[in-house]
Amino acid sequence: MVSLSDIKQFFRGYIGINEPMAKYTSMRVGGPADYYLEPVDKMDLVEIILYLRNNKFPTLMLGRGSNLLVSDEGIRGAAINIEAALANVRMEGDLVVAEAGVTLAKFVDFCVQKGLAGAEMLAGIPGSMGGAIVMNAGAHGGEISDHLVEVEVLREGRLQSIKKEDAQFAYRRSGFGNDIVLGASFRLSEGNKEELLAKRRELILKRNASQPLHLPNSGSMFKNPPGNFAAKLIEQAGLKGKRVGNAQISEKHANFIVNLGGAKATDVFTLIDLARRTVHQNAGLLLELEVKLIGFPDETRKQVA
Ligand SMILES: Cc1cc2nc3c(=O)[nH]c(=O)nc-3n(C[C@H](O)[C@H](O)[C@H](O)COP(=O)(O)OP(=O)(O)OC[C@H]3O[C@@H](n4cnc5c(N)ncnc54)[C@H](O)[C@@H]3O)c2cc1C
């Protein structure tokens, strides 16, 4: 059994009870987590994870919440935010070493300022290093795993280094689903700082022009099927602008669902389900969700699996 008084005996960070997850997701939806924990450093994080796992208490690692749809009922268990505990990026020899709570914006900036090429295609992805590794985030033909050397994880209660070859990376997928990602190292090539700054700027402007960034969203809801684009399929199915409650399939980019203000997770889910069914009827393709559903009953998740 997990108890608050036990946790307080050793845990040094912030503890929230029934903390609304809408505060920690880019879609700005999601009900309360029973426990919300912000460890202060790596040791604090490892201790709380070991305690929770030994007690078989469900835990969710939060990155920047930019690829999550948390149910209106929230999370039965603990949500753990490592933003403050693991926020360092540095050079170690010729490697860039980034902790899991570092934002991709900070990581890209660090690399670009050092004139190191290969991370700039990640500019504008609003995630953390940990979330990006778990999701194998990418854009413009590149992925975070491209220049990765190894990943430090807490796996089965032990700190381990996993080499890229053993990490099972694929399109928006990795083998880190059950691990706690603590950090990663990268070997980048030498580039021209001015050119890298210009590239980063160009890519961010491109996103601003094509994505509905003025409204809360979770990025692409679906993965692109091989040789096709989810946005194109949803648009061809006539769903651009379709609204349920205060959630809407974006007029600007049909693979985005936006929160027009006070949307419920069920509104977003209804649109996901509708888009999948309509595209299937229309084009014979079953779209695969990119966004992770958290705190939904199994039957509901199966509906869109
Ligand atoms: C406007 C917008 C644009 C986007 N553009 C892109 C894009 O171009 N390309 C792309 O790939 N994605 C894109 N995304 C999606 C999202 O930003 C990425 O998937 C990102 O990598 C998720 O990182 P996060 O830190 O927000 O993870 P979260 O959404 O918080 O979590 C994602 C998953 O990773 C797990 N996780 C997070 N941190 C850890 C950790 N330390 N240890 C173990 N598990 C962990 C979570 O439990 C969850 O399962 C976009 C999102 C938005 C809102």
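This report describes the domains, the ligand shell, the strand pairing and the nonpolar core of a predicted model.

## Basis and domains

Residue numbers start from 1 along each chain as its sequence is written. Because the model is predicted, local features need pLDDT of at least 70 and side-chain atom pairs count only at pLDDT 80 or more, whereas totals for chains, interfaces and linings use all residues.

The protein chain is assigned domain 1 (4–81), domain 2 (89–209) and domain 3 (212–303), with bounds that come from an automatic or database domain assignment. Taken over C-alpha atoms, the centres of domain 2 and domain 3 are 26 Å apart.

## The shell around the ligand

The ligand is surrounded by 33 residues, the closest being Gly63, Gly127, Gly130, Gly131 and Gly219; a residue is near a molecule if its C-beta atom, placed from the backbone, lies within 6 Å of it. Helix H4 (129–135) and the strands E3 (59–62), E9 (138–139) and E13 (180–186) each supply at least two residues of this shell, and the largest share, five residues, comes from H4. Helices (H or I, at least four residues) and strands (E, at least two) are DSSP runs numbered from the N terminus.

By class, the shell holds 16 nonpolar, 14 polar and three charged residues, where Ala, Val, Leu, Ile, Met, Phe, Trp, Tyr, Cys and Pro count as nonpolar, Asp, Glu, Lys and Arg as charged, and the others, Gly among them, as polar.

## Strand pairing

Strand E11 (residues 148–155) pairs with E13 in the antiparallel sense over six bridges, with Val153 bridged to Val181 in E13; two strands pair if DSSP finds at least two bridges between them. E11 also pairs with strand E12 (residues 158–163), again antiparallel and over six bridges, and here Glu152 has Ser161 as its bridge partner in E12. E11 and E12 form a hairpin with two residues between them, and Glu156 in the turn has a positive phi of about 50 degrees.

An open antiparallel sheet of three strands runs in the order E15-E16-E17. Strand E15 (243–244) and strand E17 (257–259) stand at the edges with a single partner strand each, so one side of each is left without a neighbour in the sheet. Strand E16 (residues 247–249) and E17 pair over three bridges, and Ile249 is bridged to Ile257 in E17.

## The nonpolar core

The largest nonpolar core has 83 residues, and those with the most contacts inside it are Leu69, Leu122, Met129, Ile133, Val181, Ile234 and Val268. Its largest share, seven residues, comes from helix H7 (residues 265–283). Such a core is a set of buried Ala, Val, Leu, Ile, Met, Phe, Trp, Tyr and Cys residues joined through C-beta atoms within 7 Å, and buried requires 20 or more other C-beta atoms within 10 Å of the residue's own, with C-beta atoms placed from the backbone.

Note on methods:
Buried ≥ 20, exposed ≤ 12 C-beta atoms within 10 Å, placed from the backbone.
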